[in-house]
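I wanted to get my bearings in a structure I had not looked at before, and these are my notes, taken one topic at a time.

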Amino acid sequence: MIRRRTLPLVLATVFALPLHAQWVAAGPAKVVSLTGTLTVKRSREATRPLRLQDAVASGDELITGPNSEAVIQASDGSTVRVFPDSRVIFNERSADIQEFLHLFLGSIKVHIERISGRPNPHKMTTPTAVIAVRGTTFSVFVNETDATLVAVDEGEVAVANVASPLEEVILRNGQRTWVQRGQPPIAAQRFRGRSERADLIPGLAREAAAGGAMRPVQGTRMAGTDMMGPASSRSMGGAMPRSGPMH
């Protein structure tokens, strides 16, 4: 039993804990929605299926099958919607793990929950981009050439090439950018509607045909007014790449 005179000190210690420590105390991430198949690959373990309400641990490599979709909820309430044929590494952020996500291939939509009304900054990476999340809702798509498309519905996101993290583009509500290997992000472009999947934003093909700044990226199929997602998948190897400095 805690003595009454020591209780204020204990409470002060708890509230002084870093946010990441409080998140861990809230419980593990878990699968809160699932359609089709979701498999997980963990270190020294064979790939196995995940089911609704199964826990997701830091470092888990998550793979969705064709026509499959899953939602992962982190311990701070943030969610990651993983679309079909996608591969992503999930992490609970901690003192030694800065990347919340690493998307190798496919599409995700991320909602970052605020903590007691305050900003809840996160960071994620792809093979070509480093993304500092200062806002709440955004989508990311990686195609077979490792080109990355980032689109923001709400809030603010800073995007840079992993090779030149200081050359960043700031995206706000209704803006998107491409990052290709060896090139800085293109200037922020406007889009209409919601970016439920960054690779299916209406109007991208029409802008490309008109010679706009949003050009089709090599290896990405275009159909009608939508940009289609990857046609096949690759192995992620189960390892996080080394990341550059946070921007």
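**Entry 1: a strand and its neighbours**

I note at the outset that this is a predicted model.

I then looked for the partners of β12. Strand β9, residues 101–111, is joined to β12 by six bridges, and the two run antiparallel; within this pairing, valine 110 has phenylalanine 138 of β12 as its bridge partner. Strand β13, residues 148–154, is also joined to β12 by six bridges, again in an antiparallel arrangement. β12 and β13 form a hairpin with five residues between them, and in the turn I noted aspartate 146, which has a positive phi of about 75 degrees.

**Entry 2: charged pairs**

Next I turned to the charged side chains, keeping in mind that side chains of opposite charge can pair when their charged atoms come close. How many salt bridges are there? The count comes to six, and I wrote down three of them.

In one of these, the side chains of aspartate 60 and arginine 42 meet at 2.9 Å, N to O. This pair links distant parts of the chain, with aspartate 60 in strand β5 (residues 60–64) and arginine 42 in the loop between β2 and β3, 18 residues apart. Aspartate 60 has a relative accessible area of 2%, so I list it as buried.

Another salt bridge joins arginine 87 and glutamate 61, whose side chains meet at 3.4 Å, N to O. Because arginine 87 lies in strand β8 (residues 87–90) and glutamate 61 in strand β5, the pair ties together parts that are 26 residues apart in sequence. Both arginine 87 and glutamate 61 are buried.

I also looked up glutamate 156 and arginine 172, whose side chains meet in a salt bridge at 3.2 Å, N to O. Glutamate 156 is in the loop between β13 and β14 and arginine 172 in the loop between β15 and β16, 16 residues apart. Glutamate 156, at 22% relative accessible area, is partly exposed, and arginine 172, at 44%, counts as partly exposed.

**Entry 3: aromatic pairs**

Finally I checked the rings, and found that the structure holds two aromatic pairs. Phenylalanine 90 and phenylalanine 100 have ring centres 5.6 Å apart and planes at 65 degrees, so this pair is edge-to-face. Phenylalanine 90 is in strand β8 and phenylalanine 100 in the loop between β8 and β9, 10 residues apart. Phenylalanine 90 counts as buried at 1% relative accessibility, and phenylalanine 100 is buried with a relative accessible area of 3%.

The rings of phenylalanine 141 and tryptophan 178 have centres 6.3 Å apart and planes at 70 degrees, so that pair is edge-to-face. Here I came back to β12, because phenylalanine 141 lies in that strand and tryptophan 178 in strand β16, and the pair thus ties together parts that are 37 residues apart in sequence.

Methods:
Residues numbered from 1 in each chain as written. Predicted model: local features only at pLDDT ≥ 70, side-chain atom pairs only at ≥ 80, totals over all residues. Heavy atoms only, no water. Pairing = 2+ DSSP bridges. Helix = DSSP H or I, 4+ residues; strand = E, 2+ residues; numbered from the N terminus. Salt bridge = Lys/Arg side-chain N within 4 Å of Asp/Glu carboxyl O. Buried < 20%, exposed > 50% of the residue type's maximum accessible area, 1.4 Å probe, protein only. Phe/Tyr/Trp six-rings, centres within 6.5 Å; stacked < 30°, edge-to-face > 60°.
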